[in-house]
Amino acid sequence: MLDRPSIQPGESLAASGRGCQPGRLVTLTSDGSEVGSALTDSSGAFTAPVEFTRIEAGRHTVVAECGVRLTGAVDQVVTRSSGGQTGTLVILVFFVLAGSTVIRFR
């Protein structure tokens, strides 16, 4: 189980599960890359941080291997800013107004 349904780049994510053998190494993978690992406790449960090495928007399946195969999914959300277009628009309007003022007083 993953502790949240979606993350943005840099946010923490933790995976937890149970049903493994006690003292066993759990390896977490996503899209063929290792994203975490942990040791199970005396009851066969584990909690491990998940760290993606690539930032790719979309749904990612995280697989925990410990003798049994446990899976969970998380959406990686990437946002972008559109604030740069506002500044460009202000400069464009300024030059249009300045140009029309120059033409008007000639």
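Thr-29 has Val-63 in S6 as its bridge partner. Strands here are DSSP runs of E with at least two residues, numbered from the N terminus. This is a predicted model, in which local features need pLDDT of at least 70 and side-chain atom pairs count only at pLDDT 80 or more, while totals for chains, interfaces and linings use all residues. Residues are numbered from 1 along each chain as its sequence is written, and side-chain values use heavy atoms, with hydrogens and water left out.

S3 and S6 run antiparallel and are joined by three bridges; two strands pair if DSSP finds at least two bridges between them. S6 also pairs with strand S7 (residues 69–76), in the antiparallel sense, over eight bridges. S6 and S7 form a hairpin with three residues between them, and Gly-67 in the turn has a positive phi of about 100°.

The largest nonpolar core has 16 residues. Such a core is a set of buried Ala, Val, Leu, Ile, Met, Phe, Trp, Tyr and Cys residues joined through side-chain atoms within 4.5 Å. Leu-2, Leu-13, Val-26, Leu-28, Phe-46 and Val-50 touch the most other members. At least two residues each come from S2 (13–17), S3 (25–30), S4 (33–39), S5 (46–50) and S6 (58–65). S5 gives the most, with three residues.

Ala-38 lies in strand S4. Ala-38 counts as buried because its relative accessibility is 13%, buried meaning under 20% relative accessible area with a 1.4 Å probe and protein chains only. The C-alpha atoms of Ala-38 and Cys-66 are separated by 9.8 Å, with the two residues 28 apart along the chain.

Key. Buried < 20%, exposed > 50% of the residue type's maximum accessible area, 1.4 Å probe, protein only. Helix = DSSP H or I, 4+ residues; strand = E, 2+ residues; numbered from the N terminus.
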